[in-house]
Amino acid sequence: MSRSTKEEALETRSRILDAAENIFHANGVTRTSLADVALAANVTRGAIYWHFKNKGDLFNAMCERVHLPMEAMIRKTADHSERDPLKLLRAAFLFAIREIVHNPHARKVFEVIFHKCELVDVDDPIWTRQHECFIGGMDNIERLLREACAMGQLPADLDTHLGAVSLHAMVDGLINNWLFSPQSFDLGGQVERFLDAGLDMMRNAASLRLPQAA
């Protein structure tokens, strides 16, 4: 394939992804067909199948152009050389949320994922991808909480699984609520206070402690 042909193929692929992002955002993932995407991108369905196996593959490629919150968590917390686990955890959450607030392209993709994507079939590759991101992100949160306990940054008897569930629910809720109603609170301006409140909960909430042995 010549250089110009490769560039043309990349341009076509990018145009298809832009169209998919816009159509998924406007109509929802379930109600969008590949024919709809082809029409919006001004390409044939054959061109779409040249680049993507199916709608799930197209959806995945669209998501890979931005960092999903849990994928961002996985990537940002992959460095085991960091010896300040709470600092790393806080930075990962900040990165994910600031991407949503300040990157319009990323925000649109997140809006598709949170509000325009019906996950009803556990065999659907879109559902599978979302589930794997969720599990991977939760595992990383709990791992960092365990490391923080071992280093004395958090109480030794913290229930790290319950803590991970609580932190994830808080951050997921903040993102979901803000995307639904951005005018209801200033996520960008108050994100650090929200995250610090969540970490204070890990340090101080008696209800997050492991039950004492009889």
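I began with the side chains of Thr-160 and Glu-142, which are joined by a polar contact of 3.4 Å (a polar contact being a pair of N or O atoms within 3.5 Å, where within protein one must be able to donate a hydrogen and the other to accept it, and where residues adjacent in sequence count only if both atoms are side-chain atoms). The model is a predicted one, in which local features need pLDDT of at least 70 and side-chain atom pairs count only at pLDDT 80 or more, while totals for chains, interfaces and linings use all residues. Residues are numbered from 1 along each chain as its sequence is written, and side-chain values use heavy atoms, with hydrogens and water left out.

Entry: I placed Thr-160 in helix α9 (helices are DSSP runs of H or I with at least four residues, strands are runs of E with at least two, and both are numbered from the N terminus). Thr-160 has a relative accessibility of 11% and counts as buried (buried means under 20% relative accessible area, exposed over 50% and partly exposed in between, with a 1.4 Å probe and protein chains only). Setting aside neighbours within four places in sequence, I found Thr-160 in contact with Glu-142, Leu-145, Arg-146 and Cys-149 (contact meaning heavy atoms within 4.5 Å). Of these, I also looked up Cys-149, which is buried at a relative accessible area of 13%.

**Entry: Leu-167.** Helix α9, which covers residues 160–180, also holds Leu-167, and this leucine is buried with a relative accessible area of 2%. Beyond its neighbours within four places in sequence, Leu-167 touches Leu-89, Ile-141, Leu-145, Gly-198, Leu-199 and Met-202. I also noted that the C-alpha atoms of Leu-167 and Phe-93 are 9.9 Å apart, although 74 residues separate the two along the chain.

**Entry: the chain as a whole.** I recorded 10 helices and 0 strands for the protein chain. Of its 214 residues, 43% count as buried, and among contacts between residues at least 6 apart in sequence, 73% join residues at least 24 apart.

**Entry: the core.** Which residues have the most contacts inside the largest nonpolar core? They are Leu-58 and Phe-59, in a core of 57 residues (a nonpolar core is a set of buried Ala, Val, Leu, Ile, Met, Phe, Trp, Tyr and Cys residues joined through side-chain atoms within 4.5 Å). Helix α6, residues 85–102, supplies the largest share of this core, with 8 residues. In soluble globular proteins, nonpolar side chains tend to be buried together. For Phe-59, leaving out neighbours within four places in sequence, I listed contacts with Phe-24, Val-29, Val-112, Ile-113, Cys-117 and Ile-126.

**Entry: aromatic pairs.** I counted 2 aromatic pairs (rings of Phe, Tyr and Trp, the last by its six-membered ring, pair if their centres lie within 6.5 Å; planes under 30 degrees apart count as stacked, over 60 as edge-to-face and the rest as tilted). Phe-24 and Phe-59 make a tilted pair, at 6.3 Å centre to centre and with 55° between the planes. Because Phe-24 belongs to helix α1 (residues 3–27) and Phe-59 to helix α4 (residues 55–64), this pair ties together parts that are 35 residues apart in sequence. Both Phe-24 and Phe-59 are buried. The ring centres of Phe-185 and Phe-194 are 5.9 Å apart with the planes at 85°, so this pair is edge-to-face; Phe-194 is partly exposed, at 24% relative accessibility.

**Entry: cysteines.** I found 0 disulfides (a disulfide being a pair of cysteine sulfur atoms within 2.5 Å). Cys-63 is buried at 0% relative accessibility, and the closest cysteine sulfur to its own, that of Cys-117, is 7.8 Å away, too far for a bond.

Asn-42 is in the loop between α2 and α3 (45–51), is exposed at 66% relative accessibility, and has a positive phi near 60° though it is not glycine. Most residues other than glycine have a negative phi.

Thr-32 sits in the loop between α1 and α2 (34–41) and is buried, with a relative accessible area of 2%. A polar atom of its side chain lies 2.7 Å from the backbone oxygen of Gly-28.
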